[in-house]
Amino acid sequence: MKRKSGITVAVLVVTIAVMSLILGTAVIFGLNSVNVANADKYKSILSRVEEASSLFFDQNGYYPVQKDGEKEIALSTETLNTNLKAELLEKNDVENYIYVLDIKALRLVAMDIGTAVGDATTILETKDAFLVNKNSGNVYYLKGFETAGKRIYSLK
């Protein structure tokens, strides 16, 4: 009897299964790396904003706050989302209002987040703004960012 050479169906199925397992694991680790990199990016930007606002305060005696005409743009803490309110409570930053930072006044270059301008309603709709508690100096990113499966709004 002559023996045929070649790959059996069983060997082919096992090979495809192993390759699929390896590829699936690589995709999961790749996505996790992207999430970690994004969280690191937001943490870095938030750190820059915190440092710049603190330096601005030290030099000028006040925080640079966006204005609508002559009136400072303040958001009622009641209008903020539940998670951000919880973080404010956790950090003992419970005030009636939290103010929208003027990023341009901080002179931070290459800012691609937190640059929303407009009245309080526009800021709340876009959620792309940095907020400051004038009493504590704590800075928050209104949109927040995901890290380790949790949405956070500040570094402190």
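**Notebook: rings, charges and strands**

I started at Y99: the charged end of K134 sits over its ring, 4.1 Å from the centre. My criterion for a charge over a ring is NZ of Lys or CZ of Arg within 6 Å of the ring centre and within 35 degrees of the ring normal. I found K41 over the face of Y42 as well, at 5.8 Å from the ring centre.

Ground rules. I am working on a predicted model, where local features need pLDDT of at least 70 and side-chain atom pairs count only at pLDDT 80 or more, while totals for chains, interfaces and linings use all residues. I number residues from 1 along each chain as its sequence is written, and side-chain values use heavy atoms, with hydrogens and water left out.

**Salt bridges**

I looked up K134 again, this time for its partner. K134 and E72 meet through their side chains in a salt bridge, 2.5 Å from N to O. I count a salt bridge when a side-chain nitrogen of Lys or Arg is within 4 Å of a carboxyl oxygen of Asp or Glu. This pair links distant parts of the chain: E72 is in strand 2 (residues 71–72), K134 in the loop between strand 5 and strand 6, 62 residues apart. Helices (H or I, at least four residues) and strands (E, at least two) are DSSP runs, numbered from the N terminus.

I then checked accessibility. Buried means under 20% relative accessible area, exposed over 50%, and partly exposed in between (1.4 Å probe, protein chains only). E72 comes out at 31%, so I log E72 as partly exposed. K134 is partly exposed too, at 32%.

How many salt bridges does the structure hold? I list three. One of them joins K91 to E87, with the closest N and O atoms 3.5 Å apart. E87 counts as buried, because its relative accessibility is 8%. R151 and E146 form another, at 3.6 Å between the closest N and O atoms. R151 is partly exposed at 34%, and E146 is partly exposed at 41%.

I place D93 in the loop between helix 2 (82–90) and strand 4. D93 is buried yet has no salt bridge; K91, the nearest side chain of opposite charge, is 7.6 Å away. For charge I count Lys and Arg as positive and Asp and Glu as negative, leaving out His and the chain ends. What does the side chain of D93 contact? I found a polar contact of 2.5 Å to the side chain of Y140. The test is a pair of N or O atoms within 3.5 Å; within protein, one must be able to donate a hydrogen and the other to accept it, and residues adjacent in sequence count only if both atoms are side-chain atoms.

**Aromatic pairs**

I log five aromatic pairs. Rings of Phe, Tyr and Trp (its six-membered ring) pair if their centres lie within 6.5 Å; planes under 30 degrees apart count as stacked, over 60 as edge-to-face and the rest as tilted. F57 and Y63 are stacked, because their planes meet at 20°, with centres 4.6 Å apart. F57 is partly exposed at 31%, whereas Y63 is buried at 11%. F130 and Y141 make a tilted pair, 5.1 Å centre to centre and 40° between the planes. F130 is in strand 5 (residues 130–132) and Y141 in strand 6 (residues 139–141), eleven residues apart. Both are buried. Ring pairs link Y42, F130, Y141 and F145 into a cluster.

**Strands**

Strand pairing needs at least two DSSP bridges. I found three between strand 3 (residues 74–76) and strand 4 (residues 97–100), which run antiparallel. There A74 stands opposite Y99. Strand 4 also runs antiparallel to strand 5, joined by two bridges. V100 stands opposite L131 in strand 5.
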